[in-house]
Amino acid sequence: MMALITGTLASAVVGGGGAKMECGGVPLCGVLTLESGNGEGYYNHKEPTVHGLWPEVGAFGDSSCSSPTESSADPTTVYPCYSDSADDTADDSHQLSFESHEWASHGMCAGVKDAEDYFSQVCALSSAPLATMTGVKSAGGGLEEMATALKASGYEVFNIDTYNSQVELSACAKPPGVWVLSPIANFSQACGGWPKTAAALAAAKRAKKVLFAIRMRIASTLRGACDAPKADTAPMCPSCPEMATETKATLMVAVALAPASRI
């Protein structure tokens, strides 16, 4: 059973450890949040359950917010990993409301096709780590022991939310919006291959033009120094035969690396 939380509380929970996730060059990254069942209120239940899959956007990370590619309609069914169980105090109508909250707050930024795609992925991703947590809890272990067991099983624990007794596992999405659990250091390998967006291509084109303008301005300045009548200006120009090889190489590196702020 999962808790229905407000946007404010959800924001306090995501990245609750104060860490900001960096996607490492991939467009979509976030956390799969799993409840231990040892919290209070709706966070208290016999077995560990999944809370949600949260792209780390805005203040919580540099993930992009990628809208659904096919439909933004709310979920209309309770998915298996969100189903009410015998020990819960909430029925499926509450769980459907909770799913709608998760979809609006997080799924709408996950780059998936629709709600069906999002929750199907959430259930598939959470199955194995929840089994690990359930085993630990059955043996009398708590949140810290669950986190340790998850790490030993190869999952990267991005954050431990002790307030609501939750664990957040690092995740990223590979094209076309398929999420996988992966250490942050491996995001580029696990989730690379995204095509460059029109905005990224335009930015690269602008940067190329800026660099070309810098090179031309520096070249023009050096050419003027070469054409000057003073003999001591000749070594300033890469095209001057009198210029020493090392000086020429240094100037050419300066031309290549000149920052845009110099224009």
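**View 1. Aromatic pairs in the predicted model.** Searching the whole structure gives 5 aromatic pairs; rings of Phe, Tyr and Trp (its six-membered ring) pair if their centres lie within 6.5 Å, and planes under 30 degrees apart count as stacked, over 60 as edge-to-face and the rest as tilted. Tyr82 and Phe119 make an edge-to-face pair, with 5.5 Å centre to centre and 90° between the planes. This pair links distant parts of the chain, 37 residues apart: Tyr82 lies in the loop between β2 (49–55) and α2 (92–105), and Phe119 in helix α3. Helices (H or I, at least four residues) and strands (E, at least two) are DSSP runs, numbered from the N terminus. The model is predicted: local features need pLDDT of at least 70, side-chain atom pairs count only at pLDDT 80 or more, and totals for chains, interfaces and linings use all residues. Residues are numbered from 1 along each chain as its sequence is written, and side-chain values use heavy atoms, with hydrogens and water left out.

**View 2. The rings of Tyr118 and Phe119.** Their centres are 4.9 Å apart and their planes stand at 75°, so this pair is edge-to-face. Tyr118 is buried, at a relative accessible area of 0%; buried means under 20% relative accessible area, exposed over 50%, partly exposed in between (1.4 Å probe, protein chains only). Phe119 also has 0% relative accessibility and counts as buried.

**View 3. The ring cluster.** Tyr79, Tyr82, Phe98, Trp103, Tyr118 and Phe119 are linked into a cluster by ring pairs.

**View 4. Just after helix α3.** Here Gly140 takes a positive phi of about 95°.
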